[in-house]
Amino acid sequence: MNTHQKKLEEANQALRQAVAQLHFDPHKPAFHAHAPANWMNDPNGLVYYNDEYHLFYQHNPFVPKQWERGTIHWGHMKSKDLVHWEHLPIALAPSEDYDRDGCFSGGAVIHDGKLYLFYTSNIFTVPPGLPDDLLQQQCVAVSVDGVHFDKSELNPVIKHPPAGIGQDNHFRDPNVFFHEGTWYMLVGNRLGDNGKILLYRSRDLLQWEYVKVFGESSGDMGYMWECPDFFSMNGKDMLAFSPQGIGWPDQPNISGYYLGRLNNETLDFSHGEFHKLDHGFDFYAPQSFTDGKGRRILFGWMRMPRNADKQWAGSMTLPRELRVTGDRLTIHPVEELTLLRQQQATVSDVRLRQDVKTTLPSIKGICIELLCKFDLTNTDAAEFGLEIRSSLNGDQKTVITYSKEHNTITLDRNQSGDYVSGTRVLEMQRLSDELELHIFLDTSMMEMFINKGEYVMSGWLFPDPGNENIVFFSHGGNTTVKSVDCWGLKL
Ligand code: FRU
């Protein structure tokens with residue numbers, strides 16, 4: 001057994017123990033992909049390999065916390081349908097001098113039938129207790145069976161960003177892709193208070209040559225750019241990344257994208273404005289990949305509130321399909337999620353009267369999919385919406401409000417239960433005749449797809465486990481509900 005195998009064995013053993021000690025937690029997600037126990041963060045190495053979906057993730061198998069030295073591993077699961085996941089042994093453990101303090105985020109590619117994982121090796125260069133200083137380098141590990149990974153003897157394959165271009169201590173999250181006959185790698189980086197992404201290229205995936213700065217902030221786009229993810233779709237090129245320091249006061253790190261065009265000669269990426277990938281809470285560090293059907297599928301990390309005291313921490317989002325039409329990106333729950341559907345209730349043509357709270361027969365639940373269509377042409381209310389996960393007396397609830405006047409949607413978590421609070425307001429750009437809210441609830445998670453994927457709003461909710469009511473409301477006039485469908489969901 002080499003050092004890596006020993007470290008993996010220790011980690012798998014610790015995880016088995018943690019799983020054996022899990023007690024029932026009604027807030028633990030029922031159908032979202034997440035670690036068997038303890039900590040997880042970013043999705044990593046998403047890839048469709050030998051007809052199966054592989055999902056790796058940042059994982060601390062020892063405790064439900066991220067920042068312990070040497071404890072960030074790569075967890076691993078796979079699926080045939082994006083819905084049923086099988087946990088596999090931990091794929092990467094910190095085991096070498098160069099990665100002793102963590103195997104940080106990165107991506108995967110398939111080459112000559114082998115699976116290559118690219119990750120950032122992390123070292124803390126100052127003693128514990130001092131402000132963290134880091135040495136981050138890029139590494140590779142290879143597998144022939146998709147389960148066991150050997151770290152390359154050439155690691156780290158990229159040791160430093162070019163002097164004067166970027167800092168050594170924040171240089172991470174390699175994203176490798178094949179473009180016009182060449183392998184490229186993007187790496188997140190910073191210089192002072194400007195985040196950037198550096199571009200490298202390679203013939204053999206092992207020796208890398210610096211090309212240029214691929215993107216950077218000029219003062220207002222964040223101090224560090226994490227988790228780059230570049231791909232082409234339907235004639236457009238897209239760069240997703242996670243800039244730190246430009247989000248909301250309560251969550252300054254956010255994730256979004258530029259749509260644009262890569263010039264194949266100059267390798268310049270020209271693009272439009274930055275758009276958020278999710279307008280709710282807790283969504284971060286997404287990554288995407290192309291599957292066997294040619295779909296582009298994205299997973300994000302749903303980070304848990306820091307004060308949530310549990311034996312598990314964090315989850316993936318649902319798999320989300322990205323589609324580009326013209327200059328617009330839309331985001332959809334993958335169709336395989338219909339495999340989860342159980343009993344269905346449907347209610348059509350309901351008139352919500354001004355200031356009357358309305359519940360609808362069998363429209364309620366804790367693990368459900370809810371599809372609500374509101375007729376805006378036949379609605380004179382100033383605002384309307386619904387309360388989900390509501391208690392009988394209404395003192396606990398999460399409130400989703402559409403303002404007709406402002407064309408905004410507000411997600412209010414101030415009465416959502418433990419650990420969470422605050423509101424998010426989404427300003428929608430286009431007016432339409434119908435408002436469609438497509439909501440997935442999974443014990444403590446909610447994800448809402450708005451107007452057929454134009455926007456998404458997500459977040460954790462920690463209400464009392466039994467609160468399952470859904471209450472519709474209308475203020476300043478009446479609202480017409482065309483239809484509400486509700487499916488119970490079960491794995
Ligand atoms: C994003 C991130 C990455 C890093 C990883 C460490 O959440 O900070 O930049 O590689 O998490 O777990």
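**View 1. The loop between β12 and β13, with L205.** In this predicted model, L205 lies in the loop that runs between β12 (194-202) and β13 (209-216). The phi angle of L205 is near 75°. That value is positive, and L205 is a residue other than glycine. Most residues other than glycine have a negative phi.

**View 2. The cis peptide bond between N155 and P156.** N155 and P156 are joined by a cis peptide bond. Omega is about -15° here. Most peptide bonds are trans. P156 belongs to the loop between β9 (150-151) and β10.

**View 3. The shell of residues around the ligand.** Which residues are around the ligand? They are N41, D42, Q58, Q66, F104, S105, R172, D173, E226, Y284 and W301. By class, the shell comes to 4 charged, 4 polar and 3 nonpolar residues. Two strands, β1 (38-49) and β10 (171-179), each contribute at least two residues to this shell. The ligand itself sits in the largest pocket.

View 4. N41, D42 and Q58 each place a polar side-chain atom by a ligand oxygen. For N41, the distance from a polar side-chain atom to an oxygen atom of the ligand is 3.0 Å. For D42, the corresponding distance is 2.7 Å. For Q58, an N or O atom of the side chain lies 2.7 Å from an oxygen atom of the ligand. How much of the ligand's accessible area does the protein cover? On its own, the ligand has 320 Å² of accessible area, and the protein covers 94% of it.

**View 5. The whole chain, as context for the close-ups.** The secondary structure of the protein chain consists of 36 strands and 1 helix. Its radius of gyration is 23 Å, close to the 23 Å given by the globule rule for 491 residues, so the chain is as compact as a globular protein of that length. The C-alpha trace spans about 70 × 55 × 45 Å along its principal axes.

Key: Residues numbered from 1 in each chain as written. Predicted model: local features only at pLDDT ≥ 70, side-chain atom pairs only at ≥ 80, totals over all residues. Heavy atoms only, no water. Near = heavy atom within 4 Å. Polar contact = N/O pair within 3.5 Å; in protein donor to acceptor, adjacent residues only side chain to side chain. Areas by Shrake-Rupley, 256 points an atom, 1.4 Å probe, with all protein chains shown as cover. 1 Å grid on protein atoms, 1.4 Å probe; cavity = no way out; pocket = protein on both sides within 12 Å on 5 of 7 lines; lining within 4 Å. Sits in = over half its atoms within 2 Å of the grid points. Helix = DSSP H or I, 4+ residues; strand = E, 2+ residues; numbered from the N terminus. Nonpolar A, V, L, I, M, F, W, Y, C, P; charged D, E, K, R; others polar. Rg over C-alpha atoms; globule rule 2.2 N^0.38 Å.
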